[in-house]
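Here is a brisk report on the fold of one protein chain. Keep the 3D view open while reading.

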Amino acid sequence: MIATITLNPSVDKRYMVKNFNKNGVFRVHQVEVTAGGKGLNVARVIKQLGEPVVTLGFLGGANGEFIENELNKMGIVNLFTKIKGETRSCIAILSNDYSQTEILESGPKITKHEIDRFLNEYDNILKKSKIICASGSLPQNIPVDFYSELINRAKKENVKFILDTSGEALKYGLKSSPFLVKPNIQELQDITGVTINTERDLLKSVKILSQYTVEILVISLGSEGSIVMYNDKLYKVTVPKINAINSIGSGDSMIAGFAFAIARRFDFEKIINFASACGTANAMEKGTGMINLKNVEFIMENIVISKL
Ligand SMILES: Nc1ncnc2c1ncn2[C@@H]1O[C@H](COP(=O)(O)OP(=O)(O)OP(=O)(O)O)[C@@H](O)[C@H]1O
Ligand SMILES: O=P(O)(O)OC[C@@]1(O)O[C@H](CO)[C@@H](O)[C@@H]1O
């Protein structure tokens, strides 16, 4: 079984707006709302792939209820810890010039008692899981090294830990050697301090990150595919050109693809191929954390993986 952790879930609202820019007033011509936060997007895609998945994290208030209802509708197992605070909302503004503007709330304050209840549930689930996918930012009052704690507990139970987060939470997480990490280019720049303009800058940053002990290191590059490091070898993954409608959640869909392919024990190149295709398939859909399995198959045939 795969478990996803979303410590800071969110009700994601996507506003479709014509000619969006700074300082204007805009009428929204289409709104979409999903139960989001990275880990929930991951769970939705794992469910679409047909693998059992359970979800953990913190949920509270009216937004928490909305997310619970959505999980029930999708038949996704909900092991979230109930909290007093209100789960956040995040807004994405998509415009006709293909711009994507995201406004992310910081999330509720979590109490010590709520953290303890979460950790109890987590320890239970570690005994039943093959893979943990922990994704996204930390809500308020969660210690910055919290992912590190979760990784250490997973290691004791021999459970593979996939970490997809940013900033300080990623820095601390890396110190505990997760099985797989997947920063995007912005997250890589933030963590290494290297501004990336050229492939040389990119490879320099990958080298800095490779000082941490991580089994699979993935740098996702949006429509440019990704760079993957495994067993001291570097791979460049080129994905086909597609008609991208909404690439928010492509990273999460890629993580879902990795978790699924690793759980099913695919060989290494097929793992990269499958995960990348899930990321690309998400960009072809209106919804966030949504894939069409027929598109995944077609994309897989058109991905090129080369050794660097
Ligand atoms: N426009 C696109 N065209 C083709 N493939 C894409 C596109 N955007 C994303 N992908 C695929 O999805 C993968 C992950 O995308 P990306 O690097 O945008 O992740 P991310 O920034 O973590 O996304 P998010 O945080 O919104 O989930 C890429 O490596 C690629 O395989
Ligand atoms: O604040 P975080 O947790 O880093 O990111 C939150 C978020 O932007 O990530 C997802 C896309 O990957 C969205 O569903 C969600 O709103």
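The sections below go from overall shape to sheet, hairpins and helix packing.

## Basis

This is a predicted model: local features need pLDDT of at least 70, side-chain atom pairs count only at pLDDT 80 or more, and totals for chains, interfaces and linings use all residues. Residues are numbered from 1 along each chain as its sequence is written, while chains are lettered from A and ligands numbered from 1 in the order in which they are written.

## Overall shape

The protein has 10 helices and 15 strands. Helices (H or I, at least four residues) and strands (E, at least two) are DSSP runs, numbered from the N terminus. The C-alpha atoms occupy a box of roughly 50 × 50 × 40 Å along the principal axes.

Of the 308 residues, 44% are buried. Buried means 20 or more other C-beta atoms within 10 Å of the residue's own; exposed means 12 or fewer, and partly exposed lies in between, with C-beta atoms placed from the backbone. Among contacts with a separation of 6 or more, 68% link residues 24 or more positions apart. A contact puts two C-beta atoms, placed from the backbone, within 7 Å.

## The four-stranded sheet

Four strands make an open sheet, ordered S3-S2-S7-S8, with mixed pairing. Strand S3 (30–36) and strand S8 (100–104) are the edges; each has a single partner strand, so one side of each lacks a neighbour in the sheet. The twist averages 20 degrees from one strand to the next. Two strands count as paired if DSSP finds at least two bridges between them.

Strand S2 (residues 10–17) and strand S7 (residues 88–95) run parallel, joined by eight bridges. Arg-14 has Ala-92 in S7 as its bridge partner. On to S8: S7 and S8 run antiparallel, with five bridges. Here Ala-92 stands opposite Glu-102 in S8. Helix H2 (residues 61–74) lies across S2, S3 and S7, at about 80 degrees to S3.

## Hairpins

S7 and S8 form a hairpin with four residues between them, and Tyr-98 in the turn has a positive phi of about 70 degrees.

Ile-219 is opposite Ile-227 in S13. Five residues separate S12 from S13 in their hairpin, where Gly-222 in the turn has a positive phi of about 55 degrees. S13 also pairs with strand S14 (residues 233–238), antiparallel, over five bridges. The bridge partner of Ser-226 is Val-237 in S14. The S13 and S14 hairpin has two residues between the strands, and Asn-231 takes a positive phi near 50 degrees.

## Helix packing

Two packed helices are described by the angle between their axes and the distance between the axes. Axes are lines fitted to C-alpha atoms, for helices over the stretch in contact; angles run from 0 to 180 degrees between N-to-C directions. Angles under 35 degrees count as roughly parallel, over 145 as roughly antiparallel, 65 to 115 as roughly perpendicular and the rest as oblique. A crossing is left-handed if the near helix is turned anticlockwise from the far one by less than a right angle, and right-handed if clockwise.

The axes of helix H3 (residues 112–126) and helix H4 (residues 146–156) come within 10 Å and cross at roughly 30 degrees. H3 and H4 are therefore roughly parallel. Their crossing is right-handed. Tyr-122, Asp-123 and Leu-126 in H3 meet Leu-150, Arg-153 and Ala-154 in H4.

Helix H8 (residues 250–263) and H9 have axes that come within 7 Å and cross at roughly 150 degrees. H8 and H9 are therefore roughly antiparallel. The crossing is right-handed. Residues of H8 in this contact include Gly-251, Met-254 and Phe-258, and those of H9 include Phe-274, Ala-277 and Cys-278.

Helix H9 (residues 268–283) also packs on helix H10 (residues 293–301): the axes come within 8 Å and cross at roughly 125 degrees. H9 and H10 are therefore oblique to each other. This crossing is right-handed. Phe-274, Ala-277 and Cys-278 are among the H9 residues in this contact; the H10 residues are Asn-295, Val-296, Ile-299 and Met-300.
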